[in-house]
Amino acid sequence: MKEHAARLSSSSSELIMAREALRRELALKLERVRRSARRHSLAMSSNRAARPRAKGPSPWLVSSQTSKPEQTFDSFVSDGANRLALRLAWGIADATLIRPDQSPLLVVGPEGSGKTHLLSAAVSWVSDIEAGESLMLNLFDLELEVEQAERFDRLPELRRWLHGHRLVAIDDIHELRWCSPRLLEELRALVGAVAVGSLGLILAKDERRACHELLEQVLLGAQRVEIAVGGKGHRGRIAASMATPPFPDMVLDYLATRSNGNARHMREAITQLQATRRLLRREVTLDDARAVFPPKELMTEKEVPEDLGP
């Protein structure tokens with residue numbers, strides 16, 4: 001009887017996982033159909049703002065970030081801690097919602113909370129509607145762009161290129177400890193373009209890192225939204241969304257329980273577990289998860305000593 005019950009339980013678990021995988025696949029297919037219909041609608045619309053578009057990459061841009069195909073609005077696992085940020089970023093990425101008197105969106109949160117995912121998702125959404133209309137880079141890259149343009153007396157060309165995008169996403173704005181006057185001028189110009197409704201601007205920074213005070217002044221009118229990974233249930237859904245095919249429930253529960261809320265660390269662990277599954281040609285176990293994600297390394301935020309903080 002016990003063996004029969006165990007087999008029934010195992011079959012039930014496998015059925016649930018199969019249903020969840022099918023649900024995700026159908027949701028993605030439905031979203032592709034919706035996006036295709038939206039591209040057609042926008043292409044046929046006659047009231048889109050006519051302005052010069054960016055053609056190709058900047059002459060000097062060599063290290064800008066690019067959006068990742070897997071980081072979309074659909075793959076972003078929302079919760080009470082990040083639902084507002086998702087809605088605001090999606091609104092800016094939607095071509096029909098770009099309007100005058102709009103403010104830049106500043107997404108603030110700890111490392112691994114999904115800030116870069118949101119920026120990447122917004123850029124991908126715009127690119128799916130019309131290629132070449134969105135740009136993602138970090139503030140350090142933008143500073144290099146401005147320095148090169150100033151050196152070769154091509155600042156007007158750089159500004160036309162930047163403003164030719166419908167959406168500009170700037171990540172890690174806390175990285176620079178000094179901002180040149182030219183960089184601040186270009187950032188003010190971008191904020192001004194947002195105010196007149198010619199483009200959307202989304203920025204992201206680590207909540208524990210301070211921006212340069214002059215940069216803070218430029219972004220004084222930005223709409224600030226907090227983002228974070230929620231409790232165990234939210235962490236469990238994040239782990240399940242990353243594990244394809246799905247891991248056993250006990251492995252996902254362990255990852256959710258021991259995670260410190262950093263989705264980036266969780267993805268690294270899941271990638272290692274997926275490699276283990278492929279190499280050994282068997283399902284991963286709780287022991288595998290403990291080997292990859294030792295409990296002593298998975299301290300919660302409250303357990304992290306102050307001197308280990310960034």
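Trp125 is buried (under 20% relative accessible area, with exposed over 50% and partly exposed in between, for a 1.4 Å probe and protein chains only), at a relative accessible area of 7%. Trp125 belongs to a ring cluster with Phe73 and Trp90. This is a predicted model, in which local features need pLDDT of at least 70, side-chain atom pairs count only at pLDDT 80 or more, and totals for chains, interfaces and linings use all residues. Residues are numbered from 1 along each chain as its sequence is written, and side-chain values use heavy atoms, leaving out hydrogens and water.

**Aromatic pairs**

- Three aromatic pairs turn up in a search of the whole structure.
- Rings of Phe, Tyr and Trp (its six-membered ring) pair if their centres lie within 6.5 Å; planes under 30 degrees apart count as stacked, over 60 as edge-to-face and the rest as tilted.
- One of the pairs is Phe73 with Trp90, which is stacked because the ring centres are 4.7 Å apart and the planes sit at 10°.
- Phe73 lies in the loop between α1 (2-44) and α2 (83-93), and Trp90 lies in helix α2, so this pair ties together parts 17 residues apart in sequence.
- Helices (H or I, at least four residues) and strands (E, at least two) are DSSP runs, numbered from the N terminus.
- Phe73 is buried, with a relative accessible area of 3%.
- Trp90 is partly exposed, at 28% relative accessibility.
- Trp90 also pairs with Trp125: the centres are 5.4 Å apart and the planes at 70°, so the pair is edge-to-face.
- Trp125 lies in helix α3 (residues 115-129) and Trp90 in helix α2, so their pair ties together parts 35 residues apart in sequence.

**Strand β3**

- Five of the five residues of strand β3 (residues 167-171) are buried, so the strand is largely enclosed by the rest of the structure.
- Leu167, Ala169 and Asp171 point one way from β3.
- Val168 and Ile170 point the other way, and all are buried.
- In a regular strand, side chains alternate between the two faces of the sheet.

**Strand pairing around β3**

- Two strands pair if DSSP finds at least two bridges between them.
- Strand β2 (residues 134-138) runs parallel to β3, joined by five bridges.
- Leu135 has Val168 as its bridge partner in β3.
- Strand β4 (residues 200-206) also runs parallel to β3, joined by four bridges.
- Val168 has Leu201 as its bridge partner in β4.
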